[in-house]
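Please look over the sequence and the structure before reading on.

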Amino acid sequence: MEKKSLKNEFAGVKCKYRLIAQDIQFNIFLTRMKANTPLPSVRSYAEKYSVSPNTIVCAFRLLKNNGVIYSNRTNNYCVSEKIEQIRIMIADKLICNLITGMEHLGYSHKEFLQIFNDYLDTVEAGDIMGKC
């Protein structure tokens, strides 16, 4: 997310650190950061998101508790050594939620697969965003 959009998104939000943690995690996965890669400093993230360093520390604590990052002895934060396992675990959870949601809409697994395959055909045909 861009700084501007996050700033607007923060208007009236009580738990900014959760949104920031989500954004940092998204960027770790999106850029396929390798295990043990150092993250930018707390201060640089605070400037990027226009929040206090304490808010970033809270976001880092949440990411650390979720196993996405760790702190080393020099107080820097790095990408977890298990980042790929965490990525797979999150993907599994997303797939499970998708299938459960489709079941709640009354679709069978066979119907779900047909809808999913149709969607993939749309994406492969050049509509990169599909129906999103």
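A residue is called buried when its relative accessible area is under 20%, exposed when it is over 50%, and partly exposed in between, with a 1.4 Å probe and protein chains only. By that definition, 24% of the 132 residues in the protein are buried. The model is predicted: local features need pLDDT of at least 70, side-chain atom pairs count only at pLDDT 80 or more, and totals for chains, interfaces and linings use all residues. Residues are numbered from 1 along each chain as its sequence is written, and side-chain values use heavy atoms, with hydrogens and water left out.

**Overall make-up**

- The protein has six helices and two strands, where helices (H or I, at least four residues) and strands (E, at least two) are DSSP runs numbered from the N terminus.
- Along the sequence, these elements follow the pattern α-α-α-α-β-β-α-α.
- The protein exposes about 9,400 Å², of which carbon and sulfur atoms supply 57%; accessible areas come from the Shrake-Rupley method with a 1.4 Å probe, and for residues only the protein chains shown count as cover.
- Of the contacts (heavy atoms within 4.5 Å) between residues at least 6 apart in sequence, 48% join residues at least 24 apart.

**Helix 5 and helix 6**

- Two packed helices are described by the angle between their axes and the distance between the axes.
- Helix 5 (residues 83–104) packs against helix 6 (residues 109–124) at an angle of about 115°, and their axes are 10 Å apart.
- Axes are lines fitted to C-alpha atoms, for helices over the stretch in contact, and angles run from 0 to 180 degrees between N-to-C directions.
- Helix 5 and helix 6 are therefore roughly perpendicular to each other, since angles under 35 degrees count as roughly parallel, over 145 as roughly antiparallel, 65 to 115 as roughly perpendicular and the rest as oblique.
- On the helix 5 side, Leu98, Ile99, Met102 and Glu103 meet His109, Phe112 and Ile115 of helix 6.

**Thr55, in helix 4**

- Thr55 lies in helix 4 (residues 53–65) and counts as buried because its relative accessibility is 18%.
- Leaving out residues up to four places away in sequence, Thr55 touches Lys16, Tyr17 and Ile20.

**Tyr45, in helix 3**

- Tyr45 belongs to helix 3 (residues 42–49) and is buried, at a relative accessible area of 9%.
- With residues up to four places away in sequence not counted, Tyr45 touches Ile24, Leu39, Pro40, Ile56 and Phe60.
- Tyr45 and Ile24 are 21 residues apart along the chain, and their C-alpha atoms are separated by 9.3 Å.
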